[in-house]
Each structure stands twice: as structure tokens, then as C-alpha cells.
Amino acid sequence: MLILGIETSCDETAASVVKDGVNILSNVISSSLSRHKKFGGVVPEIATRHHAENIDKVVNGSLHKAGIGIEEIDAVAVTDGPGLVGALLTGISCAKAISYSLKKPLIAVDHLKAHVYSAIMVKNAPRFPFVGLVISGGHTRLYLVEGFNEFELLGDTVDDAIGEAYDKVSKILGLGYPGGPVIDALAKKGNPNAIKFTCKAVNGTLDFSFSGIKTAVLYYVQGQGKTKKEDICASFQEAVLKVIAENSIKALEKYKIKSFVAGGGVSANSRFREMMQREARYRDFELYFPPLDLCSDNASMVAGLGYRLFKLGAKTALDITARV
Ligand code: KG4
Ligand code: ZN
């Protein structure tokens with residue numbers, strides 16, 4: 001079964017054709033990232049205009065790369081939220097037009113669940129239940145996943161998302177946007193014990209808070225201009241990743257789960273992968289991360305999860321709108 005996926009929740013205009021939920025025939029992405037850099041974050045209006053200008057090319061490009069005509073798809077899956085409202089509506093409108101004109105089923109897909117799915121687009125996927133973690137620019141969430149559409153929220157951030165914390169610290173250090181990849185790279189050359197930054201789970205729950213450590217980094221930089229950026233990056237990164245790893249382990253233990261699945265832009269982080277691999281060996285659980293090209297926003301994860309939902313009987317009406 002061939003599903004066309006469309007993703008426009010943030011700054012990536014993306015379309016993909018996926019066969020039977022796992023076999024990626026095309027994965028086309030046009031990003032407006034370079035147009036946001038000078039603002040230090042995504043500007044919704046710029047992102048939306050980019051989607052409007054490029055959605056047609058991206059969808060056609062994905063069909064062309066997959067070597068199929070649009071009439072050959074079995075359904076169209078689209079991200080309906082969460083994300084930027086104008087950005088989401090561009091993809092949703094395009095998917096509705098395809099669904100209506102070709103009489104193909106429309107399937108709405110949750111962006112965060114799709115991030116989790118990106119790690120299990122493999123033949124040997126873990127059995128349910130598993131613990132799912134989304135670590136991205138907009139979200140930091142832990143789920144108990146009992147089915148492709150059965151996600152119980154176990155933990156969330158009470159303020160900034162983890163990716164947002166990386167991006168803000170990067171801005172403080174003058175390292176540009178997005179901050180994750182550059183901090184990941186610089187941290188490798190720094191000492192994680194150089195500075196004592198603290199970051200703890202909220203009141204012993206599975207919730208996260210990252211705004212305090214961001215402010216601590218700001219005060220530190222203002223007070224001690226001469227410390228190596230590599231050491232600040234390593235010390236900040238170690239503290240935030242440690243709390244994510246700790247809450248993830250707590251969730252696995254609390255629900256007696258043996259599989260852990262992570263997705264989202266920050267799941268590309270090399271230090272986090274290292275930490276979790278060590279934990280998985282030591283505690284004996286299975287670990288699933290997406291391939292690096294599926295960590296950030298893409299439409300393959302949307303088409304893939306769309307297929308699973310379709311098989312479960314999901315069918316979305318043409319009057320859906322964006323869930324922000
Ligand atoms: O999932 P994503 O592409 O977009 C959202 O849905 O938000 O995530 C983007 C976030 C940015 O905050 C970026 O700084 C972060 O992912 N990121 C990383 C790394 N690569 C991207 N954070 C830490 N380490 C990385 N290697
Ligand atoms: Zn995302």
C-alpha cells in the first residue's frame with residue numbers, strides 16, 4: 001500500500017511516499033531554515049510563505065522520485081498538529097485537495113507521534129507497550145505507547161523544550177541557530193565537569209524544566225567571560241541530557257517496560273545516544289533511535305504512521321483544521 005505523506009508543521013516543507021509503513025520510496029524536504037537564521041528562531045510568516053511557494057514542487061518531486069503517478073497512491077496522510085497554524089494549514093489544504101480531487105482517503109497524523117514512529121520504521125519493530133520519548137525544538141515528552149494511536153502522556157516540560165534550551169544557550173554563546181548540532185560538536189572537545197549546572201526532574205515526577213539552566217548559563221557567561229565555550233557546552237549538555245536519561249529510565253522501571261524509542265531533532269545528539277546505549281546494555285532494554293535523516297522534521301514518518309492508522313480504520317473528514 002502506497003501512502004503519500006505531507007509535513008509542514010514548522011520550517012520544513014516535506015513530502016514522502018512510503019510503502020507498507022516502512023519502505024521509504026522518496027523523502028523530499030525543502031527547508032526555510034537559512035531564512036530564519038538571522039532572527040535566531042523560526043519566524044512563522046516566513047515559514048508559511050515558504051510552504052505556500054514550495055508545497056507543489058515538493059509533492060510532485062516526491063512522487064517523481066518514488067516513480068509513481070499521483071493516482072497510484074492509496075491514501076494521503078498529513079500532519080494536523082501540533083505546530084505553527086499557518087504552516088500546518090498549507091499542508092492540510094494541499095492534502096485535502098488531493099484527497100477530494102482523487103477520491104483518496106485523508107489521514108490526519110500527530111506530529112509528535114510521528115517523531116516516535118520514525119524510530120520504528122523497521123521490519124523488527126518493538127512490541128507494544130514501549131516508552132516513547134520526543135525531544136525536539138518544540139517538545140519534550142515521555143509517553144507510554146500501547147498502540148499506534150494509544151499514547152499516554154507520562155512526562156512533559158513545564159517551560160522550555162529541550163531543543164529550545166539548546167537554541168537559547170547557543171544564542172547566549174553567539175553560536176547561531178539552530179544550536180543543537182553546534183553544541184553537540186563543541187561539547188565533544190569540552191569538559192562536562194568544568195561547570196556545575198543543575199537540571200532536575202520537576203518534584204521527582206517525570207516532568208522536565210529547562211528554563212532555569214538556560215538562565216544559569218546566561219548568568220555564568222555574563223560573570224565569567226573567559227571560560228572556554230567548549231566547557232560551557234559540555235557542562236550544559238551533560239546536565240540536560242542526564243535528566244532526560246534519568247526520567248526515561250524511571251519511566252521504563254515504573255511501567256516495567258523493556259523497549260525505549262526516541263525521536264525528534266535532539267535524538268540526533270551523539271552524547272544522548274551514547275548515554276542511552278550504555279544504560280541499555282547495563283539495564284538490558286532494547287533501544288530504538290531514528291536514522292539521522294529522520295530525526296528532524298520529515299514526511300516519511302507521517303506517511304509511515306499514516307499507513308498504520310489507516311490499517312486501524314482511521315479516516316479523516318475534509319473539514320479538519322490545524323491543531324496548534
Ligand atoms: O524535530 P525538529 O527538527 O523540529 C521540531 O519539531 O521542533 O527539532 C529541531 C531541534 C532544534 O532545537 C535543534 O537545535 C535540535 O533539534 N537539534 C539538536 C541536534 N540536532 C538538532 N539538539 C541536540 N543535538 C543535536 N545533534
Ligand atoms: Zn518535529
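Biologist: Where do histidine 111 and histidine 115 lie?

Modeller: Both are in helix α4 (residues 111–118), 4 residues apart, which is about one turn of the helix. Helices here are DSSP runs of H or I with at least four residues, strands are runs of E with at least two, and both are numbered from the N terminus. This is a predicted model, in which local features need pLDDT of at least 70 and side-chain atom pairs count only at pLDDT 80 or more, while totals for chains, interfaces and linings use all residues. Residues are numbered from 1 along each chain as its sequence is written, chains are lettered from A and ligands numbered from 1 in the order in which they are written, and side-chain values use heavy atoms, with hydrogens and water left out.

Biologist: Are histidine 111 and histidine 115 buried or exposed?

Modeller: Both histidine 111 and histidine 115 are buried. Buried means under 20% relative accessible area, exposed means over 50%, and partly exposed is in between, with a 1.4 Å probe and protein chains only.

Biologist: On to charges. How many salt bridges does the structure hold?

Modeller: There are 13 salt bridges, each being a side-chain nitrogen of Lys or Arg within 4 Å of a carboxyl oxygen of Asp or Glu. One of them joins arginine 49 and glutamate 45 (2.9 Å, N to O). These two residues are 4 apart in helix α2 (residues 44–66), so about one helical turn separates them.

Biologist: What about lysine 214 and aspartate 160?

Modeller: Their side chains form a salt bridge at 3.3 Å, N to O. This pair links distant parts of the chain, 54 residues apart: lysine 214 is in helix α7 (residues 211–223), and aspartate 160 is in the loop between β8 (150–155) and α5 (162–172). Lysine 214 counts as buried at 19% relative accessibility, and aspartate 160 is buried with a relative accessible area of 7%.

Biologist: And glutamate 253 with arginine 283?

Modeller: That salt bridge is 3.0 Å, N to O. Glutamate 253 in helix α8 (residues 229–254) and arginine 283 in helix α9 (residues 270–283) are 30 residues apart. Glutamate 253 counts as partly exposed at 47% relative accessibility, as does arginine 283 at 33%.

Biologist: Where is aspartate 11, and which side chain of opposite charge is nearest?

Modeller: Aspartate 11 is in the loop between β1 (2–7) and β2 (12–19). This residue is buried yet has no salt bridge, and the nearest side chain of opposite charge, lysine 37, is 8.9 Å away. Lys and Arg count as positive and Asp and Glu as negative, whereas His and the chain ends are not counted.
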